[in-house]
Amino acid sequence: MSLDKNQIAKRIAQEVKNGMYVNLGIGIPTLVANYIPHGIEVVLQSENGLLGMGPFPTEDQVDADLINAGKQTITTLPGSSIFSSADSFGMIRGEHVDLTILGAMEVSEKGDIANWKIPGKMVKGMGGAMDLVASAKNIIVAMQHTARDGSSKLLKECTLPITGLKCVKKIVTDLCVMEVTDKGFKLLERAPGVSVEDIQKATEGTLIVEGDIPEVQL
Amino acid sequence: MINKTVKNVQEALQGVENGMTLMLGGFGLCGIPENCINELLRLGVTDLTCISNNAGVDDFGIGLLLQKRQVKKMIASYVGENAEFERQLLTGELEVELNPQGTLAERIRAGGAGIPAFFTPAGYGTEVGEGKESREFNGKMYLMETWLKADFAFVKAWKGDTAGNLIYKGTARNFNPMMATAGKITVAEVEELVPAGELDPNMIHTPGIFVQRIFQGEKYEKRIEQRTVRST
């Protein structure tokens with residue numbers, strides 16, 4: 001049984017530690033906020049200019065002047081702060097944000113990431129992705145292990161335009177949890193019922209398997 | 001105190017000409033200078049270079065200027081919500097320069113702060129770095145990026161006073177404070193314009209020195225792109 005989007009988010013939430021400042025990208029990373037364990041205090045950063053992002057507003061709390069980086073209406077929390085986009089990216093480039101969680105189209109065994117452009121299709125722009133991956137102390141990627149046609153997205157070299165070089169530290173896919181090391185993808189955990197051979201088959205880049213690989217515990 | 005007040009948006013945009021470089025504040029549709037955009041539409045100025053994080057949506061914000069083919073070039077970071085933009089880009093009618101968002105913010109800040117260039121790690125090793133100088137500092141590679149300035153900067157604030165001091169609200173602040181510093185002429189439109197002395201000097205986000213013209217916007221639609229609510 002491979003992990004669904006919510007299970008990937010739930011597994012990544014285990015990486016979030018008390019007291020962290022965290023930036024969540026659009027898609028599966030946004031779901032991580034739903035699974036942060038009770039008793040763990042984290043501050044979510046929205047790169048348009050907010051620290052301490054609260055839940056979506058109720059209908060009567062909706063404020064057009066309060067949105068997140070995905071342009072969704074949001075709320076603040078006690079202790080939130082608001083600042084310019086220049087200050088926001090100062091926080092990011094200055095390595096004050098502890099953890100960045102984002103999606104990817106491809107990751108290479110060296111930790112390169114491609115997630116902003118597919119040549120020949122509409123170019124939407126990189127937004128804050130390049131700034132985030134260039135400076136984050138710790139980057140965890142949430143992604144599908146293979147494309148719809150079955151081809152691997154965990155590669156020796158990225159084929160799509162690069163967002164950043166040698167930056168990804170950990171990857172949680174529908175099939176497994178991996179760490180990026182000097183020698184390649186090191187397999188840490190596998191999804192329940194997914195074999196090491198299945199993961200090997202779905203991984204084009206170098207996969208390092210040492211000893212027994214435990215199943216993901218959710 | 002120097003009075004920066006102009007009587008309306010028409011007076012605020014006097015001197016805007018074809019071919020100028022303009023900065024427009026806002027992130028998505030949040031904190032955009034709605035009244036100034038409407039006046040740019042009415043004036044019909046063309047061949048504009050617009051510097052803005054986004055390009056609006058098809059029927060609001062900078063999207064309206066695109067519909068009327070008033071924009072020659074966009075300098076932006078994310079432009080994914082706009083079908084007309086895509087069409088003009090694919091047919092070559094529109095020139096686009098995409099910047100990492102933090103690089104865009106810092107280039108504008110640098111323009112206003114008198115810093116012609118700076119080094120950032122964002123975009124190193126990507127197509128953003130092609131043709132740019134790169135340099136190593138403490139074992140890490142950085143790209144040189146240059147400042148951005150504009151003939152006119154249009155910003156939107158919540159409150160302003162006649163001295164040009166501005167206070168923004170919520171995440172409508174975004175790119176507005178940097179853009180306010182980087183225009184040869186900075187036009188601030190505000191929801192509420194008050195006499196100098198009514199705003200607490202401790203609470204000012206943009207000091208009036210950066211603002212040449214200020215007026216109270218006639219109305220604000222404040223359209224929401226992704227209205228997302230919870231039930232309880």
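**Reading the sheet and the cores**

Analyst: Start with one pair: I140(A) has K170(A) as its bridge partner in β10(A). This is a predicted model, in which local features need pLDDT of at least 70, side-chain atom pairs count only at pLDDT 80 or more, and totals for chains, interfaces and linings use all residues. Residues are numbered from 1 along each chain as its sequence is written, chains are lettered from A and ligands numbered from 1 in the order in which they are written, and side-chain values use heavy atoms, with hydrogens and water left out.

User: How many helices and strands does chain A have?

Analyst: Helices (H or I, at least four residues) and strands (E, at least two) are DSSP runs, numbered from the N terminus. Chain A has 5 helices and 13 strands.

User: What is the order of the strands in the open sheet?

Analyst: Two strands pair if DSSP finds at least two bridges between them. The open sheet here has 10 strands with mixed pairing, in the order β4-β3-β2-β1-β5-β8-β10-β11-β12-β13 (chain A). Its edge strands are β4 (76-82) and β13 (207-208) of chain A, each pairing on one side only.

User: Which residues pair along β5(A)?

Analyst: Strand β1 (residues 21-24) and strand β5 (residues 99-103), both of chain A, run parallel and are joined by 3 bridges. V22(A) has L99(A) as its bridge partner, and L24(A) has I101(A). Towards β8(A), β5(A) again runs parallel, with 4 bridges; there L102(A) stands opposite V141(A).

User: How do β8(A) and β11(A) each pair with β10(A)?

Analyst: β8(A) and β10(A) run parallel and are joined by 4 bridges. β10(A) and β11(A) pair in the antiparallel sense over 3 bridges, with V177(A) in β11(A) as the bridge partner of V172(A). A hairpin through 2 residues joins these two strands, β10(A) and β11(A).

User: Why is β5(A) described as largely enclosed?

Analyst: Buried means under 20% relative accessible area, exposed over 50%, and partly exposed in between (1.4 Å probe, protein chains only). In β5(A), 4 of the 5 residues are buried, so the strand is largely enclosed by the rest of the structure. In β10(A), K170(A) and V172(A) point one way and I171(A) and T173(A) the other way, and all are buried. Over chain A, buried residues make up 57% of the 218 residues.

User: Which residues touch the most other members of the largest nonpolar core?

Analyst: A nonpolar core is a set of buried Ala, Val, Leu, Ile, Met, Phe, Trp, Tyr and Cys residues joined through side-chain atoms within 4.5 Å. The largest has 50 residues, and V22(A), I101(A), V107(A), I113(A), V141(A) and I171(A) touch the most other members. β8(A) gives the most to this core, with 5 residues. Another core, of 40 residues, lies apart from it and includes V9(B), L13(B), L41(B) and L143(B).

User: What radius of gyration would a compact globule have with 218 residues?

Analyst: The radius of gyration is taken over C-alpha atoms, and the globule rule is 2.2 Å times the number of residues to the power 0.38. A compact globule with 218 residues would be near 17 Å, and chain A, at 17 Å, agrees. Along its principal axes the C-alpha trace of chain A spans about 50 × 40 × 30 Å.
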